[in-house]
Amino acid sequence: MSKQANKTLIGGFVVGAVAIAVIASLIFGGGRLMTDHQQFVLFFDGSVKGLNIGAPVQLKGVTMGEIKDIRLVADSETMKFYTQVVIEVSSAKILWAGGDIPKRAEYATDVYRMAKSMVEKGLRAKLEYISFVTGLLQVSFDFYPGTEIRVTGIETEFKELPTMPSDLEAITER
């Protein structure tokens, strides 16, 4: 006759397996399961040579996200080419001070509302060198009040944020 299974031992194995699964998802998922991410699109006129998928997206020097996709878009009417850059920003990098703190369910709407307000106050994206030696680029956001809001109006599944020429492009244009 077989011996009765130890229920405590079986319960311990189940709890251990669940704990290992949670820890593994946090380590291999980079904690992405616990944070909200919003995607936006940027369009650049000039070259994006040196910009790679996975490159950082910074706001005032703080890494807020990364580049998710880079594609070339051709306007068939004007025969002008744009580089479409899809970025993803993480809510975990934003601390809300004062006022109403957005609830998780309202976060996407609130980020889009906040982005619109920030654009009106001069938020613009431009390309910056991570390193002159390697030639690698990143997308850097900062506030440039009084500058033109340059958007293409090209229809995408993401909200478009305005861009401006990089410092090097601005010097070359002059």
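Some ground rules first. Because the model is predicted, local features need pLDDT of at least 70 and side-chain atom pairs count only at pLDDT 80 or more, while totals for chains, interfaces and linings use all residues. Residues are numbered from 1 along each chain as its sequence is written, and side-chain values use heavy atoms, with hydrogens and water left out.

Let me start with the sheet. Helices (H or I, at least four residues) and strands (E, at least two) are DSSP runs, and they are numbered from the N terminus. Two strands are said to pair if DSSP finds at least two bridges between them. Strands of a sheet pair through backbone hydrogen bonds, either parallel or antiparallel. Here we have an open sheet of seven strands, in the order 5-6-2-3-4-1-7, and the pairing is mixed. Which strands are at the edges? They are strand 5 and strand 7, each of which pairs on one side only.

Take strand 1, residues 37–44. Its partner strand 4, residues 80–90, runs antiparallel to it, and eight bridges join the two. Val41 has Val86 in strand 4 as its bridge partner, and His37 stands opposite Ser90 in strand 4. Strand 1 is also joined to strand 7, this time in parallel, by two bridges. There, Phe40 has Lys159 of strand 7 as its bridge partner.

Now to burial. Buried means under 20% relative accessible area, exposed means over 50%, and partly exposed is in between, using a 1.4 Å probe and protein chains only. In strand 1, six of the eight residues are buried, so this strand is largely enclosed by the rest of the structure.

At the other end of the strand order is strand 5, residues 123–129. Strand 5 pairs with strand 6 in the antiparallel sense, over seven bridges. Lys126 has Ser140 of strand 6 as its bridge partner. Although strand 5 is an edge strand, five of its seven residues are buried, so it is largely enclosed by the rest of the structure.

Next, the core. A nonpolar core is a set of buried Ala, Val, Leu, Ile, Met, Phe, Trp, Tyr and Cys residues joined through side-chain atoms within 4.5 Å. The largest one has 23 residues, and those with the most contacts inside it are Leu42, Leu51, Ile67, Ile87, Val139 and Phe141. Two or more residues each come from strand 1, strand 3, strand 4, helix 2 (107–120), strand 5 and strand 6. Which element gives the most to this core? Helix 2 does, with four residues.

On to salt bridges. A salt bridge is a side-chain nitrogen of Lys or Arg within 4 Å of a carboxyl oxygen of Asp or Glu. The whole structure has five of them. One is between Arg150 and Asp45, at 3.3 Å, N to O. Arg150 is in the loop between strand 6 and strand 7, Asp45 in the loop between strand 1 and strand 2, and they are 105 residues apart. Arg150 is partly exposed at 26% relative accessible area, and Asp45 is partly exposed at 40%.

Another joins Lys60 and Asp142, at 3.0 Å, N to O. Lys60 lies in the loop between strand 2 and strand 3 and Asp142 in strand 6, so the pair ties together parts that are 82 residues apart in sequence. Lys60 is exposed at 55%, whereas Asp142 is partly exposed at 23%. Lys60 also has a positive phi, near 50 degrees, in a residue other than glycine. Met79 has a positive phi too, near 55 degrees; this residue is in the loop between strand 3 and strand 4.

A further salt bridge, between Asp69 and Arg71, comes in at 2.5 Å, N to O. Salt bridges that share partners also join Glu66, Lys68 and Glu88 into one network.

Last, the second largest pocket. On a 1 Å grid over the protein atoms alone, a pocket is an open set of points where a 1.4 Å probe fits, with protein on both sides within 12 Å along at least five of seven lines, and lining residues have an atom within 4 Å of a point. Among the lining residues are Leu127, Tyr129, Asp167 and Glu169. Strand 5 and helix 3 (167–173) are the elements that give two or more residues to this lining.
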